[in-house]
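Thanks for coming, everyone. Let me put the structure up, and then I will walk you through it.

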Amino acid sequence: MRIDVISLFPEFVAQCAAFGVVGRAGERGLLSMHGWNPRDYAEGNYRRVDERPFGGGPGMVMLIDPLRAAIGAARAADPAPARTIYLSPQGPRLDQAKVRELAGHERLILLCGRYEGVDERLIQAEIDEELSIGDYVLSGGELAAAVLVDAVARLQDGALGDAESAVQDSFEDGLLDCPHYTRPVEHELGAVPQVLMSGNHARIAQWRRQQSLGRTWQRRPDLLNEAALSKADRKLLEAYRVELAQARKARETASSPGAGPDSAGAEGADPGQGASALATAEKTPL
């Protein structure tokens, strides 16, 4: 994949892409980055790339001609067709489905705005789509471009050491990822859930699916509303909810006045710490 970045600071995006997974993708020839500075295409002694907005108001607006020339130079540098994207808060929010779509393109051209943005006429004439990475204000589009580059680069075949890593990431199936654990088994902060050390791969997969469903329900219910849950998913989620409610009730009982020693162990109860929720799921009818 080739990505061309139109920016007053193209080296910033290139630096972000030089490390980790994205850097390795570049080293393996899976990704090539190219920067284009519109100031190189501006005219006059001062090479101006911005001007005051018509109608008044604060800030400056990026000029059409330097940007258009930079985009044209980027397109002419490679015969492959390129999708041209303007990183803008006015575009739809970037999500994993869009990342997968863009990762399938042979070429992308990313336009990074500055100041108050770019002349609307350029957007109408040269831009295929606008994309936002969130509802907040940045000084320019370079950080957004770096986010997009990282997201699409890691989906290139061979970019990751283990192809399954991308498949199991958060949002790949519309849900958040499950919790992960590594050595040591026992630690002062807690123990690794027994199910993960059972060697029963089917049961581990079921536990991970349940944790993914439960975490999404707790932290991003908006995603759960959009996900197409199977009958088995709904059963796992209901068991997670039941055990969570039981754990909360046990904690309340343990912290209430006059609670006996039998309830003391309930303080650390958590649906993610064992396999009992799986057993509940196997018995809970829909």
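One term before we start. Accessible areas here come from the Shrake-Rupley method with a 1.4 Å probe. Keep in mind that this is a predicted model. By that method, the protein chain has an accessible surface of about 16,300 Å². Carbon and sulfur atoms hold 50% of that surface.

Now the overall picture. The protein chain has 286 residues, and 38% of them are buried. There are 11 helices and nine strands. Take the contacts between residues at least 6 apart in sequence: 77% of these join residues at least 24 apart.

In what order do the five strands of the open sheet run? The order is 2-1-6-5-7, with parallel pairing. Strand 2, residues 32-36, and strand 7, residues 129-131, are at the edges. Each has a single partner strand, so one side of each has no neighbour in the sheet. From one strand to the next, the twist averages 25°.

Look at one pairing. Strand 1, residues 2-6, and strand 2 are parallel and share five bridges. Ile6 has Trp36 in strand 2 as its bridge partner.

Two helices to find next. Helix 3, residues 64-76, packs on the sheet. Helix 3 touches strands 1, 2, 5 and 6, and its direction makes about 165° with that of strand 6. Helix 6, residues 142-153, lies across strands 1, 2, 5 and 6 as well. Helix 6 runs at about 160° to strand 6.

Last topic: charges. Side chains of opposite charge can pair when their charged atoms come close. The structure holds 15 salt bridges. Here are some of them.

Glu129 meets Arg83 at 2.7 Å, N to O. Glu129 sits in strand 7 and Arg83 in strand 5, 46 residues apart. Glu129 is buried, at 12% relative accessibility. Arg83 is partly exposed, at 25%.

Next, Arg93 and Asp135, with their closest N and O atoms 2.5 Å apart. Arg93 is in the loop between strand 5 and helix 4, and Asp135 is in the loop between strand 7 and helix 6, so the pair ties together parts 42 residues apart in sequence. Buried or exposed, these two? Both Arg93 and Asp135 are exposed.

Then Arg209 and Asp233, at 2.9 Å between the closest N and O atoms. This pair links helix 8 to helix 10. Arg209 is partly exposed at 26% relative accessibility, whereas Asp233 is buried at 7%.

Finally, a network: Arg2, Asp4, Asp78 and Arg107 are joined by salt bridges that share partners.

Conventions
Residues are numbered from 1 along each chain as its sequence is written. This is a predicted model: local features need pLDDT of at least 70, side-chain atom pairs count only at pLDDT 80 or more; totals for chains, interfaces and linings use all residues. Side-chain values use heavy atoms; hydrogens and water are left out. Two strands pair if DSSP finds at least two bridges between them. Helices (H or I, at least four residues) and strands (E, at least two) are DSSP runs, numbered from the N terminus. Axes are lines fitted to C-alpha atoms, for helices over the stretch in contact, and angles run from 0 to 180 degrees between N-to-C directions. Contact means heavy atoms within 4.5 Å. Buried means under 20% relative accessible area, exposed over 50%, partly exposed in between (1.4 Å probe, protein chains only). A salt bridge is a side-chain nitrogen of Lys or Arg within 4 Å of a carboxyl oxygen of Asp or Glu.
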